[in-house]
Amino acid sequence: MRARDWIVIGAIALLALVLFAVSALGFGGEGGVVRVYRDGTLYTELSLDRDEIITVMGEGGAFNQVEVKNGAVRMKDANCPDKTCVACGWRNPADRQLLPDERWIVCLPNRVSVELPGE
(Lines give C-alpha, C1' and ligand atoms only; values in the text may rest on other atoms or scores of the structure.)
Protein backbone atom coordinates (compact mmCIF):
# COMPACT_ATOMS: atom_id res chain seq x y z
CA MET A 1 0.00 0.00 0.00
CA ARG A 2 1.08 3.51 -0.73
CA ALA A 3 1.15 6.40 1.70
CA ARG A 4 -1.87 7.91 -0.08
CA ASP A 5 -3.88 4.76 0.63
CA TRP A 6 -3.10 5.00 4.35
CA ILE A 7 -4.11 8.68 4.36
CA VAL A 8 -7.45 7.87 2.72
CA ILE A 9 -8.08 4.97 5.13
CA GLY A 10 -7.20 7.20 8.10
CA ALA A 11 -9.48 9.99 6.88
CA ILE A 12 -12.40 7.58 6.43
CA ALA A 13 -11.83 6.08 9.88
CA LEU A 14 -11.68 9.55 11.44
CA LEU A 15 -14.88 10.60 9.67
CA ALA A 16 -16.63 7.44 10.87
CA LEU A 17 -15.49 8.09 14.43
CA VAL A 18 -16.74 11.69 14.34
CA LEU A 19 -20.12 10.65 12.91
CA PHE A 20 -20.48 7.96 15.57
CA ALA A 21 -19.67 10.46 18.34
CA VAL A 22 -22.18 12.97 16.97
CA SER A 23 -24.98 10.40 16.84
CA ALA A 24 -24.13 8.89 20.24
CA LEU A 25 -24.14 12.29 21.94
CA GLY A 26 -27.33 13.36 20.21
CA PHE A 27 -25.92 16.40 18.43
CA GLY A 28 -27.29 17.64 15.16
CA GLY A 29 -30.64 15.91 15.44
CA GLU A 30 -34.08 17.29 16.00
CA GLY A 31 -34.24 16.19 19.63
CA GLY A 32 -36.42 19.08 20.71
CA VAL A 33 -39.82 18.15 19.29
CA VAL A 34 -42.41 15.42 19.38
CA ARG A 35 -44.71 14.88 16.42
CA VAL A 36 -48.42 14.26 16.82
CA TYR A 37 -50.24 12.45 14.02
CA ARG A 38 -53.96 12.00 13.36
CA ASP A 39 -55.05 9.46 10.77
CA GLY A 40 -51.38 9.03 9.76
CA THR A 41 -51.01 12.71 8.86
CA LEU A 42 -48.87 15.16 10.80
CA TYR A 43 -51.21 17.12 13.06
CA THR A 44 -48.66 19.26 14.94
CA GLU A 45 -45.19 19.35 16.45
CA LEU A 46 -44.70 20.16 20.12
CA SER A 47 -41.51 21.54 21.61
CA LEU A 48 -40.10 19.60 24.55
CA ASP A 49 -38.83 22.91 25.94
CA ARG A 50 -42.35 24.23 26.56
CA ASP A 51 -44.95 22.72 28.90
CA GLU A 52 -48.33 22.46 27.20
CA ILE A 53 -51.41 20.32 26.71
CA ILE A 54 -53.18 19.98 23.37
CA THR A 55 -56.41 18.23 22.48
CA VAL A 56 -56.56 16.32 19.22
CA MET A 57 -60.15 16.01 18.01
CA GLY A 58 -61.20 13.20 15.71
CA GLU A 59 -64.34 11.93 14.05
CA GLY A 60 -67.43 11.16 16.09
CA GLY A 61 -66.27 13.12 19.13
CA ALA A 62 -63.04 11.15 19.57
CA PHE A 63 -60.38 13.07 21.46
CA ASN A 64 -56.89 12.65 22.88
CA GLN A 65 -55.01 15.02 25.16
CA VAL A 66 -51.23 15.11 24.70
CA GLU A 67 -49.18 16.69 27.47
CA VAL A 68 -45.56 17.87 27.36
CA LYS A 69 -43.98 18.70 30.71
CA ASN A 70 -40.34 18.95 31.83
CA GLY A 71 -39.07 17.50 28.54
CA ALA A 72 -41.29 14.40 28.71
CA VAL A 73 -44.54 13.55 26.94
CA ARG A 74 -47.61 11.45 27.69
CA MET A 75 -51.14 10.83 26.48
CA LYS A 76 -52.92 12.55 29.36
CA ASP A 77 -56.48 11.51 28.48
CA ALA A 78 -58.50 9.91 25.72
CA ASN A 79 -62.04 8.71 25.25
CA CYS A 80 -61.04 5.42 23.66
CA PRO A 81 -62.46 2.23 25.22
CA ASP A 82 -59.32 0.68 26.75
CA LYS A 83 -57.08 3.75 27.36
CA THR A 84 -53.91 1.76 26.60
CA CYS A 85 -52.38 4.97 25.28
CA VAL A 86 -52.97 6.70 28.62
CA ALA A 87 -51.51 3.72 30.50
CA CYS A 88 -48.20 4.19 28.62
CA GLY A 89 -47.39 7.00 31.05
CA TRP A 90 -44.58 9.50 30.66
CA ARG A 91 -41.95 9.01 27.99
CA ASN A 92 -38.76 11.04 28.02
CA PRO A 93 -37.01 11.18 24.63
CA ALA A 94 -33.69 11.91 26.37
CA ASP A 95 -33.84 8.46 28.00
CA ARG A 96 -31.35 6.40 25.99
CA GLN A 97 -32.87 3.22 27.45
CA LEU A 98 -36.07 3.60 25.39
CA LEU A 99 -36.49 0.87 22.81
CA PRO A 100 -37.52 1.91 19.30
CA ASP A 101 -41.14 0.83 19.85
CA GLU A 102 -41.22 2.86 23.07
CA ARG A 103 -40.61 6.00 21.04
CA TRP A 104 -44.27 5.91 19.99
CA ILE A 105 -47.48 6.40 21.97
CA VAL A 106 -50.40 5.13 19.91
CA CYS A 107 -54.17 5.27 20.31
CA LEU A 108 -55.47 2.85 17.70
CA PRO A 109 -59.23 3.43 18.23
CA ASN A 110 -58.88 7.20 17.81
CA ARG A 111 -56.09 6.92 15.21
CA VAL A 112 -53.76 9.31 17.07
CA SER A 113 -50.05 8.73 17.58
CA VAL A 114 -47.14 10.59 19.15
CA GLU A 115 -43.61 10.12 17.81
CA LEU A 116 -40.72 10.83 20.15
CA PRO A 117 -37.37 11.83 18.65
CA GLY A 118 -34.55 9.33 18.68
CA GLU A 119 -32.65 6.83 16.59
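Select Arg-35 and Glu-45 to start: their side chains meet in a salt bridge, 2.9 Å from N to O (a side-chain nitrogen of Lys or Arg within 4 Å of a carboxyl oxygen of Asp or Glu). Arg-35 sits in strand 1 and Glu-45 in strand 2 (residues 41-47), so the pair ties together parts ten residues apart in sequence. Helices (H or I, at least four residues) and strands (E, at least two) are DSSP runs, numbered from the N terminus.

Keep in mind that this is a predicted model, where local features need pLDDT of at least 70, side-chain atom pairs count only at pLDDT 80 or more, and totals for chains, interfaces and linings use all residues. Residues are numbered from 1 along each chain as its sequence is written, and side-chain values use heavy atoms, with hydrogens and water left out.

Now colour by accessibility. Arg-35 is buried at 19% relative accessible area, while Glu-45 is partly exposed at 39% (buried is under 20%, exposed over 50%, partly exposed in between, with a 1.4 Å probe and protein chains only).

Next, pick Asp-39 and Arg-111, another salt bridge, at 2.4 Å from N to O. Asp-39 is in the loop between strand 1 and strand 2, and Arg-111 in the loop between strand 6 and strand 7, so this pair ties together parts 72 residues apart in sequence. Then try Asp-77 and Lys-83, whose closest N and O atoms are 3.7 Å apart in their salt bridge. The whole structure has six salt bridges.

Time to go inside. Which residues touch the most other members of the largest nonpolar core? Select Val-34, Val-36, Val-66, Val-73 and Val-114, out of 19 residues in that core (buried Ala, Val, Leu, Ile, Met, Phe, Trp, Tyr and Cys joined through side-chain atoms within 4.5 Å). Strand 5 (72-78) is among the strands that each supply at least two core residues, and strand 5 gives the most, with three. Centre on Val-36 and show its contacts (heavy atoms within 4.5 Å): beyond four places in sequence, they include Leu-46, Ile-54, Val-66 and Val-114.

Last stop: Glu-67, in strand 4 (residues 63-69). With 8% relative accessibility, Glu-67 counts as buried. Its side chain makes a polar contact of 2.7 Å with that of Arg-74 (N or O atoms within 3.5 Å, within protein one able to donate a hydrogen and the other to accept it, residues adjacent in sequence counting only if both atoms are side-chain atoms). Other residues touching Glu-67 include Lys-76 and Trp-90.
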